[in-house]
Amino acid sequence: MIKKMYYSYWLLLPGLLIFGVFFIYPSLTGFHYAFTNMNESFKYTRFVGFDNFKSLLQEEDQFIAFKNTFIFAFITTFFKIVLGLLLAMLANVKLKTTLFFRSMLFFPVILSTLAVSLVFNAMLHPSRGLLNVFLEAIHLDMLTRSWLTDPHIVIFAVCFVEIWKWTGLTMILFLAALQTIPQELKESAMVEGVNSWQMFRHITLPLIMPIVNTNVILSVIGGLKVFDIVYALTGGGPGNSSQVINTIVFKNFAAGRNGEATAANVMLFLIVLVIVLLVNKVLNRKEEG
Amino acid sequence: MRKKHFGTVFVAAILALLMVVVTACGSGNKESSSSPADSTQSASPSAPEASPSASPSASLEKIKIKGIGHASWFKSGMDEVLIAAAEKTGIELELEKIPEGMDGVNLVKARFATGDKPDLLFYYAGLGDQQGFGKMSDTFVSQEDQPWITNFDKNSWKGIMTALEDGKYYGAPYGGSNTSVVLYNKKVFASLGLEVPTTMDEFWSVSEALKKGGKIPVYLSGKDAWTLQLPVQHAQATPSTAEVLAKVDVNQAKFTDWTARKTGLQFLKDVTSKGLTNKDVLSDTYDNAQKALATGEAGMYVMATWVMTDIASKFPDQTADIGAFLMPYQGADADKSYIFAPNAVFVVKGKNEEAAQKFVNFFESLEAQNIFFGKDGGIPAIKGVTVTSLTPAELEAKALLDAGKASGDGYVMKYDINAAFPAYLQDIIIGGKTPEQVLEAQQKDYEKAAKAKDDPNFK
């Protein structure tokens, strides 16, 4: 009879210790600090109840940041999924240029956000930028805009850059999923006489649903936690019109309002948690159905 | 077959590794062989002459320290001082250049908040305990007993460069003092037959004439939002500023009572709404403004004299075309320019504080100051500097100072809420906020900062 040998629980200790020190402890203290009046040297704290949270929700400039974060997360998730899926289906077609096509579409993902922001800053300049110059050249002057300085459209311009940069990643994940669909299944469906839409709706989509789920979750989390692209492209401006939660966190830390900054971070954590749980539940139901 | 293939790869890998090692050793030799050459270079005519007592650089212990400051603060003058410091003191200062304005301020404050501190902080003078760097005496080395301070007029800069709480000097002057002015292109004015305005009515007439003449009347570089502060700070150069701020600090007055600031904010609103600025204010940068002013594309630019160092290096042939005058906010010869104290270099307490202080003492020596001001503009705060490179516009501005037409910071606010100010100014440009709303928002920011520190006046 073979006796099962188990590793000792002691072996878990180093890993748990590191996890505890670098993740559990900072997370818990973060929750604590959100209710305190912490100064810039992180030394003095006083319990202030929900004051930090109230302050975040009452100020108009900070409220804009919450609104922008939701707009950004929704728009970028939607387009990254839709465009990613379309591009993956195109990239799944066997052509001589398929590999080149896939590489080109994935290329923006590997570029530095700062470099992308600098390029788009130049391209979206209202009078010297490539986009407006091109629109004027083809006599579509009425479409030219101050893309990054008009407070009404700036957040959408930032969304566009984010979608351009990250759609390649969702495409690659979709492509991997598409390539796992057995060819025989498609062939037998074609023999049965299904059209392209039916094929997509009843065969492709259900089989790639786990990846749709993953992509949506990743995009939602990425969208809600956005910081780098906004900071590099607009710095949250003009004025405060493109602030998002994480730029507010940064701004509050810089102003020495560490308690408020931590409170904003805690709110962001809770928002991400709730939305991701909800999205996950809905998508899992669809996946099972 | 596979074994044979593995053998080839293995041998190739070993060879590649050997090449890397040999190359590395080779470059190491090059470095060491270049050292004597470097020390001979120090005797070249361009390098400052070493005093007989100065020990040769080879015998000095080399110490590397780190400094941080806005990128535009480090120009050719500082480059030459760094070389001289390494030769004469053995201290190699590595500078981290951070973005201008509030982006850089936010970054450096976040660094201090997280304990990631440099050895030297190049920052604005007159810091206090409540401005994001902790208690001054805990964070920085006091400069009161340092040798350089005997060659510095402590009384003139008291209250401006000293800490609010204990009145001590923690920062040593970095660069010269500057002043806010309207820089204008004399050739453009002459070609359109325009005179320097002395009242606001005249200012608007001149601006309209410039516009009719196909020029940008007033250039605003709003992409670099910090530059929008200059017209406002210029308006604040009145004795009433210190009076109202002293009351704001103890909650006996509000920001909305600060009429001088409101005048500056209103100017930004008016100049934009009248269409007297460049078309893409919020996309145009500090660099764009320098070019526009120097080349005559723009007529006027409200800025401080420090911009002339950049213009002189980029547009040496046009530097003499630029003059300076006071913005006639009040008219009747009552206006003053806003004088900016020299920036400061702070020695951060820590393991390298001794070396950092040694660098500062060298920097403030006449030898280093002459090197610095021989290249960079600004009016030196250290006494006895004989080499300066002031442009005509700076000399005109200096004449204003000499005639007593200047008002200094005078009063440092207890709580630093300026991080949000440039964004508010952008808000005025885009019509998102009125001047009154900006002042109300600043009052809220101030109250919040005061309450965060448990200030008894703001319960």
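**Close-up 1. Residues at the contact of helix 10 with helix 16 in chain B of the predicted model.** From helix 10 of chain B, the residues B:Leu265, B:Leu268, B:Lys269 and B:Thr272 meet B:Leu425, B:Ile428 and B:Ile429 of helix 16 of chain B. Sorted by class, this contact between helix 10 and helix 16 of chain B comprises 5 nonpolar, 1 polar and 1 charged residues.

**Close-up 2. Packing geometry of helix 10 and helix 16 of chain B.** Helix 10, spanning residues 259–273 of chain B, packs against helix 16, residues 421–430 of chain B, at an angle of about 35 degrees, and their axes are 8 Å apart. The crossing in which helix 10 of chain B passes helix 16 of chain B is right-handed.

**Close-up 3. The open sheet of chain B.** In chain B, 5 strands in the order 2-1-3-10-4 form an open sheet whose pairing is mixed. Strand 2 (91–98) and strand 4 (171–174) of chain B are the edge strands, each of them pairing on one side only, and from one strand to the next the twist averages 25 degrees.

**Close-up 4. Pairing of strand 4 with strand 10 in chain B.** Strand 4 of chain B and strand 10 of chain B, the latter covering residues 343–347, pair over 4 bridges in the antiparallel sense. Opposite B:Val345 in strand 10 of chain B stands B:Ala172.

**Close-up 5. Helix 13 across the strands of chain B.** Helix 13 of chain B, residues 353–363, lies across strand 1 (63–70), strand 2, strand 3 (120–123), strand 4 and strand 10 of chain B, and runs at about 150 degrees to strand 10 of chain B.

Key: Residues numbered from 1 in each chain as written. Chains lettered and ligands numbered in written order. Predicted model: local features only at pLDDT ≥ 70, side-chain atom pairs only at ≥ 80, totals over all residues. Pairing = 2+ DSSP bridges. Helix = DSSP H or I, 4+ residues; strand = E, 2+ residues; numbered from the N terminus. Axes fitted to C-alpha atoms, helices over the stretch in contact; angles between N-to-C directions. Contact = placed C-beta atoms within 7 Å. Left-handed = near helix turned anticlockwise from the far one by under 90°. Nonpolar A, V, L, I, M, F, W, Y, C, P; charged D, E, K, R; others polar.
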